[in-house]
Amino acid sequence: VPEIDDELANKIRPGLDEEGLKAELRKAVDEQDSQDWIDPRNKALAKALAVVMDVEVPDTLVTNQAREKYAQMMAEFRTQGMADDEIKKLITPENFLKYKDIEKPDIVDDFKTSMATDEIARLEGIEVPAYQIDEQLEAVKKEADGEDLGDENMLRAKIESTIMRRMVFDYLAEHAELDVQYAEEEEFDEKLFEELTQQSVGREAEGAVEEA
């Protein structure tokens with residue numbers, strides 16, 4: 001194991017010194033230990049921000065976001081081994097509208113949260129270091145293993161937004177009084193899939209009766 005000193009720190013990232021490297025190592029260990037509660041904490045903070053953020057969200061934005069999420073859910077079903085014929089039965093205007101109605105509160109809340117975190121970052125001078133974006137971008141490229149990731153500038157902006165939100169949540173957590181409550185959450189996609197499947201089967205049964 002190499003000795004942690006200024007020389008090693010500078011090799012890892014130019015400009016980084018021994019104390020900075022040790023601080024990052026301590027932070028990494030702390031984050032690893034607290035990973036189990038960071039996501040629930042951030043969800044609670046996002047929900048609180050959405051409540052206090054008073055802004056009108058256009059229905060076109062909700063529709064576009066719902067369409068992207070709906071397509072992603074269908075792609076996940078295919079990845080899990082569902083036959084294309086079964087997936088096609090689920091892709092109907094009625095099912096999409098039902099999905100949109102179910103997802104709308106989350107889409108609206110996420111939009112409000114994004115606006116709130118951007119404003120908090122501006123007011124508090126929170127900025128994402130360029131090296132963090134570069135490191136995350138390289139990690140994404142490596143994981144993609146040659147797969148086309150589209151416009152790199154858009155990908156960088158998305159990565160920066162994700163890191164920014166996490167930094168704002170960390171800032172808020174340091175200045176907020178949080179109470180821990182334990183609760184079991186139900187998997188939404190599985191429940192929705194069962195509902196859509198039952199509706200599709202019901203329509204097929206009605207069609208068979210009419211034909212008979």
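Me: Why are helix 6 and helix 8 called roughly perpendicular?

Reply: Bear in mind that this is a predicted model. The axes of helix 6 and helix 8 cross at roughly 70° and come within 9 Å. Angles of 65 to 115 degrees count as roughly perpendicular, so helix 6 and helix 8 get that label.

Me: Which residues make that contact between helix 6 and helix 8?

Reply: Helix 6 brings D110, T113, S114, T117, I120, A121 and E124, and helix 8 answers with M164, R165, V168, F169, Y171 and L172. By class, the contact of helix 6 with helix 8 has seven nonpolar, three polar and three charged residues.

Me: What makes helix 4 and helix 6 roughly perpendicular?

Reply: Helix 4 (residues 59-79) and helix 6 (residues 93-124) pack at about 115°, their axes 8 Å apart. The range for roughly perpendicular is 65 to 115 degrees, and the label for helix 4 and helix 6 is therefore roughly perpendicular. As for handedness, helix 4 passes helix 6 in a right-handed crossing.

Me: Which residues meet where helix 4 packs on helix 6?

Reply: From helix 4 you have D59, L61, V62, T63, Q65, A66, R67, K69, Y70 and M73; they meet N95, F96, Y99, K100, E103, K104, I107, V108 and F111 of helix 6. The residues of the contact of helix 4 with helix 6 divide into 10 nonpolar, three polar and six charged.

Me: And helix 7 with helix 8: what is the angle there, and why is helix 7 called oblique to helix 8?

Reply: Helix 7 (residues 130-144) and helix 8 (residues 152-175) pack at an angle of about 120°, with 10 Å between their axes. Roughly perpendicular covers 65 to 115 degrees and roughly antiparallel starts over 145, so helix 7 ends up oblique to helix 8. Helix 7 passes helix 8 in a right-handed crossing. On the helix 7 side the contact uses Q132, I133, D134, Q136, L137, V140 and K141, and on the helix 8 side E152, L155, R156, I159, E160 and I163. Sorted by class, the residues of the contact of helix 7 with helix 8 are six nonpolar, two polar and five charged.

Me: How many aromatic pairs turn up in the whole structure?

Reply: A search of the whole structure finds two aromatic pairs.

Me: What makes the pair of Y70 and F96 edge-to-face?

Reply: The ring planes of Y70 and F96 are 75° apart, and the centres are 5.6 Å apart. Centres within 6.5 Å make a pair, and planes over 60 degrees apart count as edge-to-face; Y70 and F96 are edge-to-face on that basis. Y70 lies in helix 4 and F96 in helix 6, so the pair ties together parts that are 26 residues apart in sequence.

Me: Why is the pair of Y70 and Y99 called tilted?

Reply: The rings of Y70 and Y99 have centres 5.1 Å apart and planes at 55°. Stacked needs under 30 degrees and edge-to-face over 60, so the pair of Y70 and Y99 is tilted. This pair links distant parts of the chain, with Y70 in helix 4 and Y99 in helix 6, 29 residues apart. Y70, F96 and Y99 form one aromatic cluster.

Me: How do you know whether Y70 and Y99 are buried or exposed?

Reply: The cut-off for buried is under 20% relative accessible area. Y70 has 6%, so Y70 is buried, and Y99 counts as buried at 3%. F96 is buried as well.

Me: What about I126: where is I126 found, and is I126 buried or exposed?

Reply: I126 is found in the loop between helix 6 and helix 7. Buried means under 20%, so I126 counts as buried at 13% relative accessibility. Leaving out residues up to four places away in sequence, I126 touches A121, M164, M167, V168 and Y171. I126 and M167 are 41 residues apart in sequence, yet 7.5 Å apart in space, C-alpha to C-alpha.

How values were computed. Residues numbered from 1 in each chain as written. Predicted model: local features only at pLDDT ≥ 70, side-chain atom pairs only at ≥ 80, totals over all residues. Heavy atoms only, no water. Axes fitted to C-alpha atoms, helices over the stretch in contact; angles between N-to-C directions. Helix = DSSP H or I, 4+ residues; strand = E, 2+ residues; numbered from the N terminus. Parallel < 35°, antiparallel > 145°, perpendicular 65-115°, else oblique. Left-handed = near helix turned anticlockwise from the far one by under 90°. Contact = heavy atoms within 4.5 Å. Nonpolar A, V, L, I, M, F, W, Y, C, P; charged D, E, K, R; others polar. Phe/Tyr/Trp six-rings, centres within 6.5 Å; stacked < 30°, edge-to-face > 60°. Buried < 20%, exposed > 50% of the residue type's maximum accessible area, 1.4 Å probe, protein only.
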